[in-house]
Amino acid sequence: FFFGMAIIYSFYLYEEYKSVLHEQNTEIQSHLKAQVKILDNTFTLLKMNLNYLAKNEHTDIEHISMDEIKQHFLTFAGSYKYFQQIRWLDLDGRELARVDKRDNKAFINEKLQDKSKRYYYLESRNLKEKEIYLSPLDLNIEHGIIEEPHRPVIRLVQPLFINKKKVGYVVVNY
């Protein structure tokens, strides 16, 4: 009798356990779907912003000075709180214009660097017009050293074209 009751009770506990697991799994799946939607919307917005920065009428070096481009980047970085850097790289991977953000304040950084050996530049060299490179998440590196305190970043890179000719790249650190 007790053995039979133990089996029935064990079956009941097992069914309750399965029910609780199913509820938790459903809740986790719902939460994950919501997070994926948030990330998808965030990256869509990032791509739209990068596309805006890379448009010819805003970055046409034949008609706009580098100081005006820096001011444009500065204004944009100041209005978008998650951009840590906005840079213009030439075709050889050297920074021509750079805006950084620290403590929620954007500023023009005149300490330009050569990024020709960095993976995101190397991966972006074959991009066509309006294509975007999205880097993996990593830590920001300045002058060959991982920045302290650590700042995890994702980089988006889009080539700049003027009259169908590639003239450089816009890089945004998010």
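1. Glu147 is buried, its relative accessible area being 9%, where buried stands for under 20% relative accessible area, exposed for over 50% and partly exposed for what lies in between (1.4 Å probe, protein chains only). Arg151 is buried as well, at 13%, and the side chains of Glu147 and Arg151 meet in a salt bridge of 2.9 Å, N to O; the term covers a side-chain nitrogen of Lys or Arg within 4 Å of a carboxyl oxygen of Asp or Glu.

2. A word on the basis of these values: this is a predicted model, in which local features need pLDDT of at least 70 and side-chain atom pairs count only at pLDDT 80 or more, while totals for chains, interfaces and linings use all residues. Residues are numbered from 1 along each chain as its sequence is written, and side-chain values use heavy atoms, with hydrogens and water left out.

3. The structure holds 12 salt bridges. Another of them joins the side chains of Glu95 and Arg98 at 3.1 Å, N to O, and here Glu95 counts as buried at 4% relative accessibility, as does Arg98 at 1%.

4. The side chains of Lys164 and Glu129 also meet in a salt bridge, at 3.8 Å, N to O. Lys164 lies in the loop between strand E9 (155-162) and strand E10 (165-173), and Glu129 in the loop between helix H4 (119-124) and strand E4 (133-134), so the pair ties together parts that are 35 residues apart in sequence. Lys164 counts as exposed at 69% relative accessibility, whereas Glu129, at 34%, counts as partly exposed.

5. Turning to the overall layout, the protein has four helices and 10 strands, these being DSSP runs numbered from the N terminus (helices: H or I, at least four residues; strands: E, at least two). The radius of gyration is 24 Å, well over the 16 Å that the globule rule gives for 174 residues, so the protein is more spread out than a compact globule; the radius is taken over C-alpha atoms, and the rule is 2.2 Å times the number of residues to the power 0.38. Along the principal axes, the C-alpha atoms fill a box of roughly 90 × 35 × 30 Å.

6. Of the 174 residues, 38% count as buried. Among contacts with a separation of 6 or more, 51% come from residues 24 or more positions apart, a contact meaning heavy atoms within 4.5 Å.
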